[in-house]
Amino acid sequence: MRLSIERKPIRVNPDPKRVIARFFFNGNDRAKEVIERVMDISEEEAFGIISPLLQEYSKRHRNITRVLNRHCSKLKPLFSELNIDFDTLTVYRKLLIGSYFTHEYSIESAAFFNPSIVEDPDQTELEDGQKRVIISFRAVGEGHISSITFRRALIDKQNNITIQPSGSYIDEAEIVRNAVYNKKLFFDKAAITQINIDVISELESKLDHHFEYANLRRIILDSQKLQESDMKRLEYDKVLWLADSYYEIVFSLDTDISDRVIFPISEYERKGIEDARFVKFINEDGTYVYYATYTAYDGSLIMPKLLQTTDFYNFKIMPLYGAGAQNKNLALFPRKVNGKFVMISRIDGCNNYIMYSDKINIWEKPMLLQQPRFTWEFIQIGNCGSPIETEEGWIMITHGVGPMRRYVLGVSLLQLDDPTIEIGRLKEPLLIPNSDEREGYVPNVLYSCGAIVHNDKLIIPYGVSDSSTAFAEVCLDELLKKLKEDAAEHKAKNIKPDPKTF
């Protein structure tokens, strides 16, 4: 008998009206042609074109003039090549040029799914039994480019969930690159990403043990000037792209959390930021920080990355290193266990692994934790977010892939003081796609990136066929009881008779 699970009468769907204004660039030659055409028109004509544009798009973007000015400024090197003094351009001509290098991108036009959920840092002015939460989503737009977006929600004493309305505008963050790089770790990652070994060796010899982004960029630009081969110059670009994978982003304090989108920034994530698994991590001194693991994808290579924040305004982002930081599906435990960070991973695309580390960004020596056992997970088993601590052990929601590539959700229980030990695993899925959940961008898929316990219920937000997001809950005590029962049954079936008794 499968456990009774309650689906919530709420669905979060993609909204194609949520757009950001992005830089649009079709190459140097075409850009120069556009600039020259705009420079040929009169000031009066330039004002007549840009004025109604500003009025129209100011209703769709918080500060469209700032955006257009920024995009125009990105073209400064081209103005120099055209012998145009950028500083002498009028305000309206700069805005008009910027508009030709701007396009709107609907971040949710294709899908809004694979959520994770954490406790909001702000729990003020709530009644007993209420909890304010932040839900992250994988938003997918044109070209199947994924980004991270957020919603704030309130769970009441009956566990009814109210999603707060989204804001009118969406903002990308300001990017700050001030990282100091460890040379060994940085170039170990470069080797994994298959950058030319000669280029790696050359740059290593010119850099100190710790170096800054500006110094690396200067050395790369100097080295590229000496190369005649476009392919060799591209290898230097790849090193710079890797350096771009370390950055900080800062959102304006006047933005609602629903206004903030973490859009692909570095070249190694240009095709998407996938399936962020957020967790509220409790430090040993009682303070907390929010981490999220996610998959950066450039169209061919996968790079696991780590995001860190305390307030959801300021984020630090870096790649993860080591033999255990491969493939997808990394999920961090919400606290250290026996003095070490702990992570679940799926390095081979099929099985769950577990690993310990003294450093949160370096993961070596993964140990096999789980293999597919039941028919509904024969293709693969993976985690669905960070394990949740209970008195009975760590609850880990899993996804299993079975016949017809159907994704379902299962649950396992790991030992509290030694999570390498699996206490139990549900023999039947906890949640399978029903008739209303089978259709979507990718049919027959249920998937989650994190759950939460509230009022003795496990609340699971989950993606519906890679299209939208729904919610379900199950009684925690009943779930733990069932896990133990299934564990006892499995153990009884696998006890081998003592040969001495025959």
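Author: Let's start with a working rule: two strands pair if DSSP finds at least two bridges between them. Keep in mind that this model is predicted.

Reader: Okay, so what joins strand β19 to β20 here?

Author: In general, strands of a sheet pair through backbone hydrogen bonds, either parallel or antiparallel. Here, 3 bridges join β19 (residues 352-357) to β20, and the two run antiparallel. Look for Tyr353, which stands opposite Leu368 in β20.

Reader: Which strands stand at the edges of that sheet?

Author: The sheet is open, with 4 strands in the order β17-β18-β19-β20 and antiparallel pairing. β17 (331-332) and β20 (367-370) are the edge strands; each has a single partner, so one side of each has no neighbour in the sheet.

Reader: And salt bridges, how many does a search of the whole structure find?

Author: The general idea is that side chains of opposite charge can pair when their charged atoms come close. The search finds 36 salt bridges. One of them joins Glu33 and Arg37, at 3.8 Å from N to O. They sit 4 residues apart in helix α1 (residues 28-40), so about one helical turn separates them.

Reader: Is Arg37 buried or exposed?

Author: Exposed, because its relative accessible area is 55% and the cut-off for that word is over 50%. Glu33, at 39%, counts as partly exposed.

Reader: Which residues make the nonpolar surface patch?

Author: Phe47, Val91 and Tyr92 make it, and it covers about 290 Å². Val91 lies in helix α5 (residues 91-100), and at 55% relative accessibility Val91 counts as exposed.

Terms used
Residues numbered from 1 in each chain as written. Predicted model: local features only at pLDDT ≥ 70, side-chain atom pairs only at ≥ 80, totals over all residues. Heavy atoms only, no water. Patch = residues over 30% accessible without salt bridge, like charges linked within 9 Å, V, L, I, M, F, W, Y side chains within 5 Å. Areas by Shrake-Rupley, 256 points an atom, 1.4 Å probe, with all protein chains shown as cover. Salt bridge = Lys/Arg side-chain N within 4 Å of Asp/Glu carboxyl O. Buried < 20%, exposed > 50% of the residue type's maximum accessible area, 1.4 Å probe, protein only.
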